[in-house]
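Trainee: I have the sequence and the model open. Can we go through the charged residues, then the sheet and helices around them?

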Amino acid sequence: MATLNLKAYAETFPIAGTFTISRGSRTEAHVVTVEISDGTHTGRGECVPYARYGETLDGVVDTILSLSNDFANGAGRSELQALLKPGAARNALDCALWDLEAKQSGQRAFTLAGFSALEQVTTAYTLSLGTPESMGVQAAKNAARPLLKVKLGGEGDLARIEAVRNGAPDSAIIIDANEGWSVSEYQKLAPEFVRLGVSMVEQPLPAADDDALIGLERVLPVCADESCHDRASLDHLGGKYDLINIKLDKTGGLTEALALREAARAQGFQIMIGCMVGTSLAMAPAVLLAQGAEYVDLDGPLLLAKDRDIPLEFTGSLVTPSVPGLWG
């Protein structure tokens with residue numbers, strides 16, 4: 001590969017209102033943008049550093065820029081997998097390299113990945129954690145959406161789902177506990193949520209404690225999120241989970257995410273494609289990854305007050321694959 005020039009910088013995008021999960025609230029999305037240029041073409045990628053994994057904006061930018069000499073000396077996507085561990089920094093670089101390869105070859109990234117075409121996908125729309133009353137109002141405002149993802153946090157969760165169901169009687173519902181439950185809470189809540197039409201729960205138990213899921217009757221299917229990063233995670237998920245949530249910021253990019261999806265399918269897991277709260281630049285490669293997934297959660301741009309200059313097209317909850325001016 002030719003000598004490549006590397007840029008990385010932090011950007012901030014305002015969230016429409018406040019986004020709250022069990023770990024806290026925020027009003028801005030802080031992302032890292034990467035540009036990789038061969039002097040003629042420039043590929044772009046985006047990542048969201050996640051404090052849950054010890055990542056910071058400055059730390060991720062520094063990690064990316066530390067590889068400037070490697071890229072100047074011809075490193076590419078295959079070398080990147082060995083240079084960095086899975087995480088946000090590798091994701092932004094990997095996705096930028098996919099974008100660059102598409103521009104250099106004159107082909108779309110999905111063609112390079114082995115797809116003949118991309119279809120639109122239907123994304124979940126996330127309801128922020130709040131009081132049952134406020135979440136019922138959120139649900140009513142989005143009752144026309146086919147799939148709602150509800151953030152939960154422990155005490156009061158049953159009342160929250162009852163309020164959401166009342167507000168959106170026809171929407172499918174999935175829930176995300178963000179490691180906020182115990183086994184006893186799952187056993188108590190799961191049958192009630194099934195009765196209310198909830199189809200699955202993401203990461204009910206802390207990742208460090210999820211061995212407690214072994215042998216547990218999972219009346220409500222359980223999806224691994226914080227417990228699943230890359231293919232190495234799969235060895236520890238059997239017998240605990242029914243689905244895995246693949247996020248580019250966890251796998252360290254599209255290259256590993258595609259391999260993880262294939263390996264997980266082979267082991268019988270259903271697939272969810274998720275995201276951090278980021279812009280359309282972060283979602284664009286994930287739309288490629290989301291083809292054929294059982295659940296898609298790529299609503300990051302819908303939660304923002306401002307997006308990229310060339311955004312993804314959302315028609316309600318239907319996401320159209322990116323145009324070349326955005327990515328790929």
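Trainee: Is aspartate 242 buried, partly exposed or exposed?
Mentor: This is a predicted model, so the areas come from predicted coordinates. The cut-offs are under 20% for buried and over 50% for exposed. Aspartate 242 has a relative accessible area of 26%, so the class is partly exposed.

Trainee: Which residue forms a salt bridge with aspartate 242?
Mentor: Aspartate 242 lies in the loop between strand E9 (222-224) and E10, and the partner lies in the loop between E8 and E9, so the pair ties together parts that are 24 residues apart in sequence. The closest N and O atoms are 3.1 Å apart, and the partner is arginine 218.

Trainee: In which helices do glutamate 101 and arginine 77 lie?
Mentor: Their side chains meet in a salt bridge, at 3.1 Å from N to O. Both glutamate 101 and arginine 77 are buried. The pair links distant parts of the chain, 24 residues apart: glutamate 101 is in helix H4 (residues 88-105) and arginine 77 in helix H3 (residues 77-83).

Trainee: What is the N to O distance in the salt bridge of aspartate 157 and arginine 160?
Mentor: Both residues lie in helix H7, three residues apart, about one turn of the helix. An α-helix has 3.6 residues a turn, so residues three or four places apart point the same way. Aspartate 157 is buried at a relative accessible area of 1%, and arginine 160 is buried at 12%. The side chains meet at 2.7 Å.

Trainee: Against which elements do the buried residues of H7 pack?
Mentor: In helix H7 (residues 157-167), the buried residues are Asp157, Arg160, Ile161, Ala163, Val164, Arg165 and Gly167. They pack against E5, helix H6 (132-141), E6, E7, helix H8 (183-195) and strand E8 (198-202).

Trainee: Which are the edge strands of the eight-stranded open sheet?
Mentor: The order is E5-E6-E7-E8-E9-E10-E11-E12, with parallel pairing. An edge strand pairs on one side only, which leaves strand E5 (125-127) and E12.

Trainee: In E7, which residue is the bridge partner of leucine 147?
Mentor: Strand E6 (residues 147-151) and strand E7 (residues 172-176) run parallel and are joined by five bridges. Leucine 147 has as its partner in E7 alanine 172.

Trainee: What angle does the direction of helix H10 make with that of E10?
Mentor: Helix H10 (residues 254-266) packs on the sheet and touches strand E10 (243-246) and strand E11 (270-273). The angle between the directions of H10 and E10 is about 175 degrees.

Trainee: Which side chain of opposite charge is nearest to aspartate 299?
Mentor: Aspartate 299 lies in the loop between strand E12 (295-296) and strand E13 (313-315). Aspartate 299 is buried yet has no salt bridge. A salt bridge needs the nitrogen and oxygen within 4 Å. The nearest side chain of opposite charge is 6.8 Å away and belongs to lysine 149.

Trainee: Which backbone nitrogen does the side chain of aspartate 299 reach?
Mentor: Beyond its close sequence neighbours, up to four places away, aspartate 299 touches Thr123, Ala124, Tyr125, Thr126 and Cys275. The backbone nitrogen is reached at 2.7 Å and belongs to threonine 126.

Trainee: How many salt bridges are there by this rule?
Mentor: Some are linked in a network, made up of Lys149, Lys151, Asp176, Glu202 and Asp297. The count comes to 19.

Definitions and conventions
Residues are numbered from 1 along each chain as its sequence is written. This is a predicted model: local features need pLDDT of at least 70, side-chain atom pairs count only at pLDDT 80 or more; totals for chains, interfaces and linings use all residues. Side-chain values use heavy atoms; hydrogens and water are left out. Helices (H or I, at least four residues) and strands (E, at least two) are DSSP runs, numbered from the N terminus. Buried means under 20% relative accessible area, exposed over 50%, partly exposed in between (1.4 Å probe, protein chains only). Lys and Arg count as positive and Asp and Glu as negative; His and the chain ends are not counted. A polar contact is a pair of N or O atoms within 3.5 Å; within protein, one must be able to donate a hydrogen and the other to accept it, and residues adjacent in sequence count only if both atoms are side-chain atoms. Contact means heavy atoms within 4.5 Å. Two strands pair if DSSP finds at least two bridges between them. Axes are lines fitted to C-alpha atoms, for helices over the stretch in contact, and angles run from 0 to 180 degrees between N-to-C directions.
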